Amino acid sequence: MAIVAPSAVLDELARACDVPADQAARAAVALLARRYTGRAAQTVRTPDGAVHFDLTVDGSVRDLVTAPAIDSTERLSPGEGDQLTDLAVLPGDGGLVVVGCPAELAGAFAVDLAALLSVMAADPGQSTADLLPESAYERGRSVDRAALHGGSRREPTGWEPGSADTICTAFAAQVARHPDRAAVLADDGELTYRQLGSAVAATVAAVRDAVGDSGGAGRAALLCRHGATTVVGLLAALAGGRAYVPLEPSFPAGRLAHILADSDADVLLIDAAHADLAHRVAAEAGRPDLTMVHIEVTAPAAELDELVAALLGRAAPDDPAYLLYTSGSTGAPKAVVQSHRNVLFGVANHIRNFAISPADRTSVLTSFGYDMAVTDLFGAILCGAAAVPSDIREHGLGHLAQTIARHGVTIYHSPPTVYRYLLAGLGPDGRLPSVRAVLLGGEEVTRHDVELCRRHFAAGAVFVNGYGTTEISFAAQHHLAPDAPLDHAVVPIGHPLDGIDVVLVDAAGRPVCLTGEVVVRCAHVALGYWGRPELTASRFREHGGSRAYWTGDVARRLPDGRLVFLGRADRLVKIRGYRVELGEVESRLAALPGVGQAAVVARSSRHGTGPEAKEIIAYTVAAGGAEVDPGSLRAALAELLPDYMVPRAVIVVDALPMGDTGKLDVRALPEPPVAAVPAQVRRSAAAGEPDPLEQVIAAAWCAALGVDAVDRRTSFFDVGGHSLLLALVQERLQAVLGERISMIRLLEFPTVAGLAAHLRAARPAARPGHDARSVADDRSAADAPITDEQSTADSWTALDAGQSQLADRMRRRRAARQGSADRVETPS
């Protein structure tokens with residue numbers, strides 16, 4: 001699509017830098033392309049060739065515009081998903097035009113080009129570093145999420161985020177407004193707001209008697225069961241002026257001892273079931289004399305006015321509310337510290353976006369040591385709704401389904417792995433009709449997850465994919481109406497929430513429009529990491545004049561402003577040079593007949609061109625009563641996906657392992673099987689000496705696969721081979737035999753014995769060391785229109801499936817094309 005360069009401002013820039021207008025235009029287009037893509041290397045085509053720009057280092061505008069042109073005869077080699085790789089500045093009617101910009105970007109690119117040229121022309125001496133702080137492509141879109149949930153909540157909560165309120169005053173307001181409504185519905189107790197408040201007040205009094213008041217500066221650790229007991233304990237810690245520090249009972253005692261020692265808690269709140277564990281942990285932490293207070297789950301009901309006054313607490317809005325310990329890169333857990341004010345900001349967003357009212361009941365499934373539980377618990381009990389904790393580690397997912405049905409849960413929230421397990425247990429016709437909203441987060445969400453929601457929950461259920469981190473809680477969400485089209489295999493994470501900016505940056509920290517590291521700008525990001533000032537300073541920094549958190553995640557921004565989560569910045573999955581969204585593979589696998597659950601991971605491969613080579617491994621659990629064949633599943637995926645996305649192996653397991661957070665425990669998945677390889681290549685015990693031609697082929701295989709020997713009747717793809725390795729085999733055979741064997745033939749005969757037989761049949765007299773041309777590719781009249789390049793193009797788009805199916809596909813494509821070549825994708 002052609003974009004007309006604004007001539008007046010372009011001429012002004014050209015005059016200021018004393019260069020021709022087309023030279024100034026090329027520099028501006030290259031700089032804007034970096035702003036969009038984050039690529040420091042940019043090439044802009046001209047009528048006579050192309051000019052290369054190295055924008056790694058920022059200098060002045062004048063230096064960029066006047067720099068001698070670096071002519072280039074090559075175009076950029078785009079990676080999968082890359083854009084703006086074929087831009088050109090060419091003469092047009094009445095001036096210069098920019099071509100090569102995709103239609104979905106052209107409107108914003110034209111606006112941004114005019115703005116950038118104006119800024120450059122205004123001061124050619126300024127740096128090129130940050131000339132366009134906000135792009136037209138990035139401008140926020142207003143999203144009315146609550147409209148999908150029945151409209152905005154009409155009943156006031158009795159507190160305001162950003163005011164003098166704290167979690168304590170917000171909870172006290174609900175006790176005053178809804179004393180007899182259900183507040184907590186758990187296995188260890190069902191409490192109204194009055195009963196919950198009374199239990200909290202009693203526990204606060206017990207703590208005060210034992211250790212006195214903290215004055216808002218102390219910390220109280222909690223070691224108790226998941227349910228009403230924990231809710232009472234953490235509210236009691238807050239009302240007593242302390243930040244709460246959850247200790248997950250299922251964790252190893254050593255890890256709990258580290259958390260207890262690191263947090264320097266002055267009191268440990270416990271229940272009777274975990275008293276012995278508490279004493280062991282305290283001793284291991286070097287705190288054998290630490291004061292322990294039993295949590296009072298039941299207490300006499302107090303007068304309402306007195307109760308509300310007792311619950312207000314002494315904490316200030318900016319005091320710490322909790323320390324949540326997450327995994328640390330050094331192996332020791334680190335604690336994220338968050339304030340009352342910031343918690344209320346996130347909770348207010350959650351209540352508003354889901355239109356939560358006192359009639360709602362929300363699930364609380366993750367441990368209270370994770371931020372999901374913060375959103376779920378306080379999103380309920382700070383607006384008059386009921387929280388429904390369920391300990392799935394203790395009672396299982398069958399019990400969870402019963403709990404949801406018995407208590408009429410309306411808002412369900414969990415990681416996708418727990419969600420898939422839950423629905424697999426329901427069976428194909430099982431439904432939980434009380435659930436009006438499904439919120440998933442913490443892992444990649446696929447189209448299949450949305451389809452499951454529409455099958456198993458209320459007819460009008462809204463599906464929500466949320467993105468966030470412990471350091472900010474939710475930062476973006478994508479709310480999907482029951483009839484919303486599913487246009488992505490991996491569901492986008494949506495738009496940033498109100499009061500939050502999500503900026504994508506390149507490796508140098510410069511903002512980019514399309515793909516980059518996620519930086520969350522918000523006044524309400526976490527206070528930092530407990531006792532880790534250097535780590536805090538490295539991850540919480542200013543960006544654009546606002547406090548921001550560098551997440552280490554990578555996302556892509558779609559033209560409509562939605563974000564798509566791509567993975568960790570330090571763990572982007574690339575297979576053979578192509579970026580792969582594993583969620584798409586997982587979605588395809590999950591949708592195949594007989595598959596109940598699916599997980600797809602990238603593992604280090606011993607086959608590849610370097611130490612960081614990755615291969616895709618798929619795991620599946622059969623649907624109830626079904627039998628699945630791994631080979632058939634893999635072949636079916638090969639019919640749906642490019643070859644580089646087809647798993648090297650599909651492994652059927654009895655269950656997908658879950659970690660402590662309810663997410664898939666990747667480390668607990670079984671290692672993929674390694675095909676057995678015999679000591680040497682031979683025909684059989686009765687067949688005499690190994691065939692020399694087979695020996696040549698086997699040697700090429702072994703060199704490409706990095707193994708000592710191969711079975712003559714085992715498929716190349718069943719021992720870890722793939723398209724790029726097959727290309728190495730092709731090169732090695734050419735070196736020995738003297739002529740190139742086409743990829744079509746290597747695909748159709750993927751065993752040592754099969755390929756040798758084919759070559760021998762093609763030229764019966766051929767043997768290694770004789771006329772090499774006689775054993776080369778069979779170029780019969782029927783195959784004449786198919787060139788080696790065309791064969792290679794076929795291989796990149798349809799490889800790694802079963803031998804017979806691949807042969808059929810190659811023959812069908814060859815016949816359909818009648819000699820026309822397919823485009824070859826180029827890895828980045």
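A residue is called buried when its relative accessible area is under 20%, exposed when over 50%, and partly exposed in between, with a 1.4 Å probe and protein chains only. The model is predicted, so local features need pLDDT of at least 70 and side-chain atom pairs count only at pLDDT 80 or more, while totals for chains, interfaces and linings use all residues. Residues are numbered from 1 along each chain as its sequence is written, and side-chain values use heavy atoms, with hydrogens and water left out.

**Exercise 1.** Find where Asp-264 lies and decide whether it is buried, exposed or partly exposed.

Solution. Begin with the elements, which are DSSP runs numbered from the N terminus: helices (H or I) of at least four residues and strands (E) of at least two. Asp-264 falls in the loop that joins helix H8 (253-263) to strand S11 (267-270). Its relative accessible area is 45%, and therefore Asp-264 is partly exposed.

**Exercise 2.** Describe the surroundings of Arg-242 and name the polar contacts of its side chain.

Solution. Arg-242 belongs to strand S10 (residues 242-246), and it is buried because its relative accessible area is 3%. A polar contact is a pair of N or O atoms within 3.5 Å; within protein, one must be able to donate a hydrogen and the other to accept it, and residues adjacent in sequence count only if both atoms are side-chain atoms. The side chain of Arg-242 has such a contact with the side chain of Asp-266, at 3.0 Å, and a polar atom of the Arg-242 side chain also lies 3.1 Å from the backbone oxygen of Gly-212.

**Exercise 3.** Work out the order of the open sheet that holds S31, and say which strands stand at its edges.

Solution. Two strands pair if DSSP finds at least two bridges between them. The sheet has three strands in the order S31-S32-S33, with mixed pairing. Strand S31 (595-604) and strand S33 (649-652) each have a single partner strand, so they stand at the edges and one side of each is left without a neighbour in the sheet. Turning to the pairing itself, S31 and strand S32 (residues 614-622) run antiparallel over nine bridges, and Gln-597 stands opposite Val-621 in S32.
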